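Please work through the following exercises with the sequence and the model side by side.

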Amino acid sequence: MKQFFIPTLALPLLLAAQIAHSEAPTLQTPAPVIHLADNLDEADGLGWCIDTLGRGFAEVLQAHSCKPQGGDVQFALLEDSGLIRSVAYPEYCAEVLIDGEAQFGLTMCDPANASQQFRYDPQTLALSPADDETLCISVGANSRSAGPFMSRDLLLLSCADVDRTLRAWIVVNE
């Protein structure tokens, strides 16, 4: 029996190639919505959206299967202020958190708060803090069950160090 040896350094390349061959989601969530360009491993092909942790309002944000009915997975990027505003909770916006395990929270909107200001590059599909475009909003590499859906961590990572499929977002405001 012939055995194949794959060098340890080649394994990340094989995994990256596997991720790179995923498909676009079959998005059913009504606009406005911010979703990953790649479906990754979302089992029902719904894609990945920014979402509140758990059901309904929560102060922590995650990535979650885009829900066909919308609700807490609907967010709009307000181009004039750079705020990422919740549709379900319109007085609340995404914010980069400095402390704790969660990297993104949902707090009262404040256009003067630099931690709530983001930039979107439609060419690279990068969604970044307005004051540091070397960082990208990304999803974690691992998914987990979330009832009938799936979820992933929502992270702030170096754009150069994270696979594009984990950080390429589509912003649909209309």
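**Exercise 1.** Locate Ser 128 in the chain, decide whether Ser 128 is buried or exposed, and find what its side chain reaches.

*Solution.* Begin with the secondary structure: Ser 128 belongs to strand β9, residues 126-129, where strands (E, at least two residues) and helices (H or I, at least four) are DSSP runs numbered from the N terminus. The model is predicted, so local features need pLDDT of at least 70 and side-chain atom pairs count only at pLDDT 80 or more, whereas totals for chains, interfaces and linings use all residues. Residues are numbered from 1 along each chain as its sequence is written, and side-chain values use heavy atoms, with hydrogens and water left out.

Next, take the accessibility: Ser 128 has a relative accessible area of 3% and is therefore buried (buried means under 20%, exposed over 50%, partly exposed in between, with a 1.4 Å probe and protein chains only). Then follow the side chain, which reaches the backbone oxygen of Leu 135 at 2.7 Å. Finally, list the surroundings: leaving aside residues up to four places away in sequence, Ser 128 touches Gln 117, Phe 118, Arg 119, Glu 133, Leu 135, Cys 136 and Cys 159, a contact being heavy atoms within 4.5 Å.

**Exercise 2.** Describe how β2 is covered on its faces, and which strand is joined to β2 by bridges.

*Solution.* First count the cover: five of the five residues of β2 are buried. Now separate the faces, with Trp 48, Ile 50 and Thr 52 on one side and Cys 49 and Asp 51 on the other, all of them buried. For the neighbouring strand, β2 and β3 run antiparallel and are joined by five bridges (strands pair if DSSP finds at least two bridges between them), and within this pairing Thr 52 has Leu 61 of β3 as its bridge partner.

**Exercise 3.** How many aromatic pairs does a search of the whole structure find? Describe the one that involves Phe 57 and Tyr 89.

*Solution.* The search finds two pairs, taking rings of Phe, Tyr and Trp (its six-membered ring) with centres within 6.5 Å, and calling planes under 30 degrees apart stacked, over 60 edge-to-face and the rest tilted. Phe 57 and Tyr 89 are edge-to-face, at 5.2 Å centre to centre and with 80 degrees between the planes. To place them, find Phe 57 in the loop between β2 (48-52) and β3 (61-65) and Tyr 89 in the loop between β5 (83-86) and β6 (92-96), 32 residues apart, so that the pair links distant parts of the chain. Both are partly exposed, Phe 57 at 36% and Tyr 89 at 22% relative accessibility. Together with Tyr 92, Phe 57 and Tyr 89 form one aromatic cluster.

**Exercise 4.** Where is there a cis peptide bond, and which leucines have a positive phi?

*Solution.* As background, most residues other than glycine have a negative phi, and most peptide bonds are trans. The cis bond joins Ala 31 and Pro 32, with omega about 0 degrees, and Pro 32 is in the loop between α1 (10-20) and β1 (33-36). Leu 40 has a phi of about 50 degrees, lies between β1 and β2 and is buried at 14%. Leu 125 has a phi of about 65 degrees, lies in the loop between β8 (118-121) and β9 and is buried at 13%.

Conventions: Polar contact = N/O pair within 3.5 Å; in protein donor to acceptor, adjacent residues only side chain to side chain.
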